[in-house]
Amino acid sequence: MSSTPRPHVSRGEGFALGLIATGAISVAVAALVAIVRAAFGIFGSDPTIRMPVTGGDVQALSDVPEIAAATYASAEVTFTSLPAGVSWMLLLEQALPAIATIGVCIVAWWLGVSLMRARPFRPAMSNAIGVVACLVLAGGLFGQLLGAIGRAMLVDDLAGSSPEITDVFWTFLVEVDLAPVGWSFALALVAASFAIGARLQRETEGLV
């Protein structure tokens with residue numbers, strides 16, 4: 001039985017991969033900090049929430065000749081306090097995408113380390129990427145949905161004492177961003193590629 005030397009990355013490649021892995025961890029830490037800051041902002045005193053409004057003309061721009069029309073679709077509203085259910089919904093709106101970002105960064109760090117060791121096609125790598133693909137999909141879509149539900153709950157609570165509020169705020173509005181769907185499909189394809197690569201690597205090692 002013959003043996004082949006285990007491949008190694010060059011010093012320059014190792015430096016670049018190490019830099020990418022370090023950057024991925026830094027972004028993950030930043031996403032975690034963003035979750036904590038969002039929690040303090042939502043559960044703290046006088047929380048400011050972006051609320052979608054039915055819209056109106058921006059009067060300050062009406063006299064600018066180069067602008068045909070200008071309208072606003074949302075407003076930053078500062079509340080004295082928020083119902084507990086609304087606070088949790090609005091926190092999850094920001095936390096779920098941030099958790100997905102943390103997952104992507106952890107997998108990127110792991111992949112960078114695996115590439116430095118010239119062993120990228122680990123059996124668990126495809127599973128990890130597949131889980132992250134699900135996190136990106138769920139974090140994007142469910143985050144948007146929970147945010148819309150939280151704002152609808154808030155409008156319903158405000159309408160109990162001020163019914164005219166429904167003439168200003170949307171009672172329920174989901175602003176759908178399909179980018180997480182595309183990213184999740186791309187990650188699922190990468191996961192499948194790593195699963196095939198791991199199988200081919202095992203078959204190749206079995207022939208040596």
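Helix 2 and helix 3 (residues 123–159) cross at roughly 165°, and their axes come within 7 Å of each other. An angle over 145 degrees counts as roughly antiparallel, and helix 2 and helix 3 are therefore roughly antiparallel to each other. Please keep in mind that this is a predicted model. Here is a short tour, starting with that helix pair.

**Helix 2 with helix 3**
- Helix 2 makes a left-handed crossing as it passes helix 3.
- The contact of helix 2 with helix 3 is built from 23 nonpolar, seven polar and two charged residues.

**Helix 1 with helix 2**
- Two packed helices are described by the angle between their axes and the distance between the axes.
- For helix 1 (residues 11–43) and helix 2 (residues 84–116), the packing angle is about 165° and the axes lie 8 Å apart.
- That angle makes helix 1 roughly antiparallel to helix 2.
- Where helix 1 passes helix 2, the crossing is left-handed.
- Sorted by class, the contact of helix 1 with helix 2 holds 25 nonpolar and six polar residues, with no charged residues.

- Which residues make the nonpolar surface patch of about 330 Å²? They are I25, V29, V33 and W109.
- Helix 1 supplies the largest share of this patch, with three residues.

**Salt bridges**
- Side chains of opposite charge can pair when their charged atoms come close.
- The model has a count of two salt bridges.
- A salt bridge joins E175 and R50, whose closest N and O atoms are 3.0 Å apart.

Key. Residues are numbered from 1 along each chain as its sequence is written. This is a predicted model: local features need pLDDT of at least 70, side-chain atom pairs count only at pLDDT 80 or more; totals for chains, interfaces and linings use all residues. Side-chain values use heavy atoms; hydrogens and water are left out. Axes are lines fitted to C-alpha atoms, for helices over the stretch in contact, and angles run from 0 to 180 degrees between N-to-C directions. Helices (H or I, at least four residues) and strands (E, at least two) are DSSP runs, numbered from the N terminus. Angles under 35 degrees count as roughly parallel, over 145 as roughly antiparallel, 65 to 115 as roughly perpendicular and the rest as oblique. A crossing is left-handed if the near helix is turned anticlockwise from the far one by less than a right angle, and right-handed if clockwise. Ala, Val, Leu, Ile, Met, Phe, Trp, Tyr, Cys and Pro count as nonpolar, Asp, Glu, Lys and Arg as charged, and the others, Gly among them, as polar. Patches are made of residues with over 30% relative accessible area and no salt bridge: like charges are joined within 9 Å, nonpolar side chains (Val, Leu, Ile, Met, Phe, Trp, Tyr) within 5 Å. Accessible areas come from the Shrake-Rupley method with a 1.4 Å probe; for residues, only the protein chains shown count as cover. A salt bridge is a side-chain nitrogen of Lys or Arg within 4 Å of a carboxyl oxygen of Asp or Glu.
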